[in-house]
Amino acid sequence: GYRDRFRPAALEAPFDAPNEAVRGGERSLVFALPEHRIEFIKYRRRVVWHKGSRTDLVFGSTGQCRIQEVVATYAEWEEDRAAALRRARARASRALSRSLGGKPAGREALAAFGRRVGRVNAGELTAAALAEEALSPAYFGADGDGGGGEPSAGEEKAPVAAVLELVSTLPDERAALREELEAELRGRIASSAARESLRAAREATVSAKQALEGRPPRPSAP
């Protein structure tokens, strides 16, 4: 994967791709590219070197495994990744289906959300705008349970957990996008929780004051 000066998202090319993008006499793209423009290297679908996250599964320079182990365990890695992706998509689909009134609506919303993620990756939409949309009633902000029941203390509500899990399955070559979206989502979730806690505290204060004055407490806001 490499950066093009005129495109925000990294481009991908096979290791043996011919050079049709960089000036000069070098015929191989991988040798023609300046080093600072190379963002990541993959073995099949697995990222084995990534500049931004300092991943090195080629030589193991950062204490991780080496390329020999990557090759030997690739089938297991691919199976685990596919299973994680299926779980995340199924959970997200259930959350959206229950929130939006049925499986067709849920599947359509999930596909639309995937396209919106693609627009963020292409630089056509900001991560902040997508996070706002994701937590709106059009997606995961409605009152669905995601098939997971009521969350225990300290856990996110199931639809919110579903979108966080879905974002976490973005591939490693999109690590920066994944981290940016997770940060935007968690920031908005924390802000929403803080506002809800403040509202509840104010209502409790008003109710206590009214009780001391001998007046019936006001009913809580729906």
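Colleague: Is R54 buried or exposed in this model?

Modeller: This is a predicted model, in which local features need pLDDT of at least 70, side-chain atom pairs count only at pLDDT 80 or more, and totals for chains, interfaces and linings use all residues. Residues are numbered from 1 along each chain as its sequence is written, and side-chain values use heavy atoms, with hydrogens and water left out. Buried means under 20% relative accessible area, exposed over 50%, and partly exposed in between (1.4 Å probe, protein chains only). Because its relative accessibility is 63%, R54 counts as exposed.

Colleague: Where is R54 found, and what is its phi?

Modeller: R54 lies in the loop between strand 2 and strand 3 (55-56); helices (H or I, at least four residues) and strands (E, at least two) are DSSP runs, numbered from the N terminus. Most residues other than glycine have a negative phi. R54, a residue other than glycine, has a positive phi near 60°.

Colleague: Is N19 buried or exposed?

Modeller: N19 is placed in the segment before helix 1 (29-32). Its relative accessibility is 16%, so N19 counts as buried.

Colleague: Which backbone oxygen does the side chain of N19 reach?

Modeller: Not counting residues up to four places away in sequence, N19 touches E26, R27, S28, L29 and A32, where contact means heavy atoms within 4.5 Å. At 2.8 Å, the side chain of N19 reaches the backbone oxygen of E26.

Colleague: How far apart are the end C-alpha atoms of helix 3?

Modeller: Helix 3 (residues 74-100) has 27 residues. The expected span is 1.5 Å times one less than the number of residues, so helix 3 should span 39 Å. In agreement with this, its end C-alpha atoms are apart by 38 Å.

How values were computed
A polar contact is a pair of N or O atoms within 3.5 Å; within protein, one must be able to donate a hydrogen and the other to accept it, and residues adjacent in sequence count only if both atoms are side-chain atoms.
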